[in-house]
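Hello,

Here is the structure I promised to pass on to you. Please open it alongside this message, and then read on for what turned up in it.

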Amino acid sequence: MAVGPPHLYRKQGLEKKIPETVLRNALAQAGSVQQRGLPPILSIHHLAVLTGADYRYLRQLVGRRRNPYRTFQIRKRSGGRRIISVPEPPLLAVQRWISTNVLAQLAPHPRSFAYAPNSSILRCANEHLGCRWLVKLDVRRFFESITELRISQLFREFGYQPLVSFEMARLCTRVSEHRRPASSKLRVRGDRYVSIPAYRTFWLGHLPQGAPSSPMLANLVARRLDENLTRLAEERSLIYTRYADDLIFSTAAPEFDRQAAKDLISSVCLAIRVEGFTPHTAKTVVVPPGARKLVLGLLVDRAGPKLTRQFRKRLTEHIRGIEKFGLIQHTSSRRFDSVWGLKRHVEGLLAFAEMVQPELAEPLKTRFREAVAASGWTSA
């Protein structure tokens with residue numbers, strides 16, 4: 001039964017012989033989230049009705065009795081590979097519903113420039129134009145470090161009741177295969193904070209990269225970190241931005257020096273740890289005056305963000321290789337897993353170039369389409 005006008009809801013409930021106290025509590029719960037502009041979700045059964053999902057299927061997922069994710073790896077721009085976990089269609093639909101109807105109604109911190117409307121790498125880079133010093137830090141395993149406990153607490157902060165908050169947190173997280181216990185005797189916190197026996201498991205889930213709900217949930221969890229780092233930056237006359245797990249500070253102040261940068265890094269790392277994250281110290285970078293300033297792969301030492309020479313070279317080499325040798329041979333020589341993988345990679349590079357320097361990207365897009373067509377394939 002959906003929650004609507006209170007009198008009609010109570011009347012329908014009494015007709016179904018639902019106790020008055022239960023109806024009163026349900027209306028109170030609905031009111032607490034509706035005041036925040038969010039849809040009431042009273043139970044996992046209610047969520048099933050709202051999303052059109054099968055109730056028993058959702059119960060299986062909450063109890064971790066089914067692995068609904070397909071995992072694969074993609075190349076990271078910085079080297080290595082990233083694990084992507086894509087939910088199966090029924091769960092994907094539920095996560096999209098939660099993203100659209102719940103998470104999208106809640107704004108991330110204004111210094112966060114990823115996973116939100118009108119946010120982009122370009123807007124983030126624009127914030128640092130004209131800086132003299134640049135300090136860049138990274139959060140290690142950003143998504144994986146956000147557990148179902150933190151997601152459950154987040155939903156409770158939105159006004160949802162503890163049980164449905166826990167159930168939605170389970171639906172938005174997963175347990176990695178390598179974390180499954182070898183023995184039933186193993187125990188962690190995951191089997192002690194749940195009072196329903198069917199929901200007890202040995203391991204805590206975490207946000208999966210590849211689920212539509214993960215980016216917005218990560219942003220909302222990191223909001224307090226953003227608040228603390230914004231305050232820390234303002235105290236030092238710095239500009240702070242966050243793009244996913246990339247934390248960037250900049251300043252044009254002449255009195256800023258290496259000691260100030262060292263003190264900043266120490267304070268930022270402490271703030272990161274206080275919020276339950278781990279700084280990736282090996283990726284910390286300090287860029288002094290006179291050195292090339294890069295923010296998220298874009299040059300910011302000029303009047304506007306620009307593509308790097310290395311990026312332009314990589315893109316043009318791909319297109320030249322496809323023109324000269326054909327799509328299949330170029331895919332093999334560059335050791336891509338498939339032709340579609342190479343195509344998506346180049347299309348992604350072109351989309352990025354078009355966002356930053358459209359005058360450069362347009363002729364390259366034309367060459368790419370013609371080269372792909374000459375190889376007997378189609379291009380977007």
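**What was found**

N228 has its place in helix α10. Before going further, please keep in mind that this is a predicted model.

**The four-stranded sheet**

An open sheet is built from four strands, ordered β4-β5-β3-β6, with antiparallel pairing. Its edges are β4 (239–243) and β6 (285–287), each of which pairs on one side only. From one strand to the next, the twist averages 15 degrees. Helix α10, residues 223–235, packs on this sheet and touches β4 and β5 (246–251). The direction of α10 makes about 155 degrees with that of β4.

As background, strands of a sheet pair through backbone hydrogen bonds, in either a parallel or an antiparallel way.

**The three-stranded sheet**

A further open sheet has three strands in the order β7-β8-β9, and its pairing is antiparallel too. Why is one side of β7 and of β9 left without a neighbour in the sheet? Both β7 (294–295) and β9 (306–307) stand at the edges with a single partner strand each, so one side of each has no neighbour there. Strand β8 (residues 298–299) is joined to β7 by two bridges, and these strands run antiparallel. L294 faces L299 of β8 across that pairing.

**A covered helix**

Helix α8 spans residues 162–171 and is mostly covered, with eight of its 10 residues buried. Those buried residues are V164, S165, F166, E167, M168, A169, R170 and L171. Which elements cover them? The cover includes the helices α3 (44–51), α4 (55–62), α5 (89–101) and α7 (148–157), as well as strand β1 (69–75).

**Pockets and cavities**

Rolling a probe the size of a water molecule over the atoms shows where empty space is left. The second largest pocket holds about 320 Å³ of space. Three elements, α7, α9 (214–221) and α10, each give two or more residues to its lining. Of these, α7 contributes the largest share, with four residues. The residues that line this pocket are R150, Q153, L154, E157, F158, L220, V221, R223, R224, E227 and E275. By class, six of them are charged, four nonpolar and one polar.

How many cavities of 30 Å³ or more does the whole structure have? The search finds two. In the largest cavity there is about 130 Å³ of space. It is lined by 13 residues, and those closest to its centre are R64, R66, P68, T173 and R174. The lining of this cavity has six nonpolar, five charged and two polar residues.

I hope this helps you find your way around.

Best wishes

Technical notes:
Residues numbered from 1 in each chain as written. Predicted model: local features only at pLDDT ≥ 70, side-chain atom pairs only at ≥ 80, totals over all residues. Heavy atoms only, no water. 1 Å grid on protein atoms, 1.4 Å probe; cavity = no way out; pocket = protein on both sides within 12 Å on 5 of 7 lines; lining within 4 Å. Points joined across faces, edges and corners; volume = space filled by probe spheres on them. Nonpolar A, V, L, I, M, F, W, Y, C, P; charged D, E, K, R; others polar. Pairing = 2+ DSSP bridges. Axes fitted to C-alpha atoms, helices over the stretch in contact; angles between N-to-C directions. Contact = heavy atoms within 4.5 Å. Buried < 20%, exposed > 50% of the residue type's maximum accessible area, 1.4 Å probe, protein only.
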